[in-house]
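Welcome, and thanks for taking a look at this one with me. Below are my notes as numbered points, meant to be read alongside the structure.

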Number of protein chains: 2
Amino acid sequence: MIVTSVTVYVKEEHIDDFIEATIKNHNGSLQEKGNIRFDFLQCSNDATRFMLYEAFESKEAVDAHKETAHYLEWKETVASWMAKPREGVPHTVISPKDRSKW
Amino acid sequence: MIVTSVTVYVKEEHIDDFIEATIKNHNGSLQEKGNIRFDFLQCSNDATRFMLYEAFESKEAVDAHKETAHYLEWKETVASWMAKPREGVPHTVISPKDRSKW
């Protein structure tokens, strides 16, 4: 399993646009066979800061995600709305190891 | 619901100690009434970087967590093993809103 946390800073005037576009990507991603979670969060004390918490079954599933129409559309749509480049950090899972907990 | 992502950088010589102590905190946290998730992750390309992904029902549940024996023991035990102060970022949930998805 690979869990990637993606931190995104959005230009203030595009917060609502970003939320709308990312919910669309979120909904599409949850339909992918290799997707386990795709949480979309907003920082409580900085409305311009967001986190995507993306869990996939494998490296192959992550690669497949990056070729989906919803991801590619999201990537292109939100690019100019970001205040700086997004930071994606890939992780392995220490706990819980039990797949049913995901 | 409040979801806090905590990034921790650990001194290389204390990676194993940190993992052991944090699994203990993870196990205790999952027993808390107000806890929803407590994922413990290690960065795939930097073994000294960790993430805790902690979801709680409410601000009250987060406050209660910080008074538990397992949290206080963890906090004290790992303090000197950190390479720099940990960064906790609190979030609100945009999606999924459905509580059963957590």
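1. Let's begin with the order of elements. Read from the N terminus, chain A goes β-α-β-β-α-α-β, which comes to 3 helices and 4 strands. Helices (H or I, at least four residues) and strands (E, at least two) are DSSP runs, numbered from the N terminus.

2. A word on what you are looking at. This is a predicted model, in which local features need pLDDT of at least 70 and side-chain atom pairs count only at pLDDT 80 or more, while totals for chains, interfaces and linings use all residues. Residues are numbered from 1 along each chain as its sequence is written, and chains are lettered from A and ligands numbered from 1 in the order in which they are written.

3. Next, the overall form of chain A. Its C-alpha atoms fill a box of roughly 40 × 30 × 20 Å along the principal axes. Of the contacts in chain A between residues at least 6 apart in sequence, 72% join residues at least 24 apart; a contact here means that the C-beta atoms of two residues, placed from the backbone, lie within 7 Å.

4. Seen from S3(A), S1(A) (residues 2-9) is an antiparallel partner over 8 bridges, with Ile2(A) bridged to Phe56(A). S2(A) (residues 35-43) also pairs with S3(A) in the antiparallel sense, over 7 bridges. Strands count as paired if DSSP finds at least two bridges between them. S2(A) and S3(A) make a hairpin, with 5 residues between them.

5. Is S3(A) enclosed or open? Of its 8 residues, 7 are buried, so this strand is largely enclosed by the rest of the structure. In chain A, buried residues make up 24% of the 102. A residue is buried if 20 or more other C-beta atoms lie within 10 Å of its own, exposed if 12 or fewer, and partly exposed in between, with C-beta atoms placed from the backbone.

6. Now the two chains together. A rotation of 180° with 0.0 Å of shift along its axis superposes chain A on chain B, with an RMSD of 0.0 Å. That is the relation of a two-fold axis. In chain A, Trp102(A) has the C-alpha nearest the axis, 4.3 Å from it. Both copies use the same surface, as 100% of the contact residues of chain A recur in chain B. The superposition is by least squares on the C-alpha atoms of residues with pLDDT of at least 70 in both copies.

7. What does each chain bring to the contact? Chain A gives 20 residues and chain B gives 20 residues. On the side of chain A, the elements giving two or more residues are S1, helix H1 (15-30), S2, S3 and strand S4 (87-95). S4(A) has the largest share of that side, 7 residues. By class, the side of chain A has 12 nonpolar, 8 polar and no charged residues. Ala, Val, Leu, Ile, Met, Phe, Trp, Tyr, Cys and Pro count as nonpolar, Asp, Glu, Lys and Arg as charged, and the others, Gly among them, as polar.

8. Strand pairing also crosses between the chains. S4(A) and S2(B) run antiparallel and are joined by 4 bridges, with His91(A) bridged to Cys43(B). Likewise, 4 bridges join S2(A) to S4(B), again antiparallel, and there Phe40(A) has Ser95(B) as its bridge partner.

9. Finally, the core. The largest nonpolar core has 28 residues, and Leu41(A) and Leu41(B) touch the most other members. The elements giving it two or more residues are S1, S2 and S3 of chain A and S1, S2 and S3 of chain B. Such a core is a set of buried Ala, Val, Leu, Ile, Met, Phe, Trp, Tyr and Cys residues joined through C-beta atoms within 7 Å. Leaving aside neighbours within four places in sequence, Leu41(B) is in contact with residues including Val3(A), His91(A), Ile94(A), Phe50(B) and Tyr53(B).
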